[in-house]
Amino acid sequence: MLVVRPAGPGDLDSLLELAILSGPGFTSLPEDPDQLSERLDLSRESFMGKIEAQERWYTLMLEESDTGDVDGVGSVKAAVGLHRPFFSFRVVNNTQSSPSLGIKLEQKTLVLVNECTGWSEVGSLFLKADRRKGGAGRLLSQSRYMLIGAEPELFADTVLAELRGVFTPDGACPFWDHVAHKFFPMEFDEADRMTGSTDKQFILDLAPRHPIYVELLPEPARAVIGKVHPQGVPAMALLESEGFRPNGLVDIFDAGPTVSCQRDNIRTVRDARRLTVRIETEVEAELPSLISTDHVTGFRAVRQKAAIDDDTVILNAETAAALKVRAGDTVRVKS
């Protein structure tokens, strides 16, 4: 059975493997054991409630319970931009006209902004290639919203997600090569690493202070602004199915889009019900349901058959064991 559970320090090897497989541009999964170890320590402290709510970064692992193999990762940051700025480019539409000449022009510019301070962020969604079918990605993605819905007061009113921008098959990034690199004269991987491991002062020091006119950029750069990496298309579809929409912001390095949604309007947060567990040998249900615990500490989620009877959900013993719940406990269920 596939189970989504909290990450901890013992997951370092698995998380490093996933980081290596994720490839370039996946800022939240650096191929750096020290950074990943710090993140796993932070995740453990977050789930245990040992740090301030806004400081928490919850990391979730997708595990095959029979083998213990870890095949995917996802995360929720309680708040971004509080101690380190959360920079983006806003795509601004400008209209210029000359009535005397009968000319009207629509111009787009990129403006450096820091607009998302205090928002929560879902991210780091990545699965091994052989797990990208059969609903594993949807389980892992939706588990993040079940986590938010378990204790919504721990998260912001607005939730965002950043998607990786376009890279060519040989690993080149058109927007970086033609635009961002002109302001940050270093390798993409170095800028990416510094974004995750420093206070981002280098961005304040070097980023453009004036709008960038999109029409003046080379075509390869213009073509990828707001576009998603091919591997991110399924993730974008999952986000859109939950109610997330592009908000006009793009990443300053690869121009990948940012999407956002009001927390309480996220479909899984809104539609999941709190039900009382009853355990029986047989469960009659046509389709499996998304089921999770109703608290952040010890959070777990599965997609298994469950029968709903008024305010009660009927689970079999295997599902209850995977969730570590007993009869009479409360779980959250989304059919």
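In which strand is Ser124 found? Ser124 sits in strand S6, where strands are DSSP runs of E with at least two residues, helices are DSSP runs of H or I with at least four residues, and both are numbered from the N terminus. Before we go on, keep in mind that this is a predicted model, so local features need pLDDT of at least 70 and side-chain atom pairs count only at pLDDT 80 or more, while totals for chains, interfaces and linings use all residues. Residues are numbered from 1 along each chain as its sequence is written, and side-chain values use heavy atoms, with hydrogens and water left out.

Back to Ser124. Its phi is positive, about 60 degrees, although Ser124 is not a glycine. Most residues other than glycine have a negative phi. Ser124 is also buried, at 5% relative accessible area; buried means under 20%, exposed means over 50%, and partly exposed is in between, using a 1.4 Å probe and protein chains only. Ala255 has a positive phi too, of about 65 degrees, and is not a glycine. You'll find Ala255 in the loop between strand S9 (245–250) and S10, buried with a relative accessible area of 0%.

Now let's look inside. A nonpolar core is a set of buried Ala, Val, Leu, Ile, Met, Phe, Trp, Tyr and Cys residues joined through side-chain atoms within 4.5 Å. The largest one has 38 residues, and Val122 and Phe244 touch the most other members. Among the elements giving two or more residues to this core are strand S1 (2–6), strand S2 (57–64) and helix H8 (233–242). Helix H3 gives the largest share, 7 residues. Leaving out residues up to four places away in sequence, Phe244 touches Val122, Tyr145 and Leu239, among others; a contact means heavy atoms within 4.5 Å. There is also a second, separate core of 28 residues, and it includes Phe167, Trp176, Ile212 and our friend Ala255.

What about charges? A salt bridge is a side-chain nitrogen of Lys or Arg within 4 Å of a carboxyl oxygen of Asp or Glu, and the whole structure has 17 of them. Arg5 and Asp11 form one, at 2.8 Å from N to O, and both residues are buried. Asp41 pairs with Arg44, with their closest N and O atoms 3.7 Å apart. These two both lie in helix H2 (residues 33–47), 3 residues apart, which is about one turn of the helix. Asp41 is partly exposed at 30%, and Arg44 is partly exposed at 36%. Asp271 and Arg270 meet in another salt bridge, 3.0 Å from N to O. Elsewhere, salt bridges that share partners join Glu17, Glu64, Asp71, Lys128 and Arg131 into one network.

Which residue is 95 residues from Glu162 in sequence but 6.1 Å away in space, C-alpha to C-alpha? That's Pro257. Glu162 belongs to strand S7 (residues 158–162) and is partly exposed, at 32%. Not counting residues up to four places away in sequence, Glu162 also touches Phe86, Glu121, Asp251 and Thr258, along with Pro257.

Finally, take a look at the surface. Leu101, Ile103 and Leu105 form a nonpolar patch there, with about 290 Å² of accessible area together. Accessible areas come from the Shrake-Rupley method with a 1.4 Å probe, and for residues only the protein chains shown count as cover. Patches use residues with over 30% relative accessible area and no salt bridge, joining like charges within 9 Å and nonpolar side chains (Val, Leu, Ile, Met, Phe, Trp, Tyr) within 5 Å. Leu105 lies in strand S5 (residues 103–113) and is partly exposed, at 42%.
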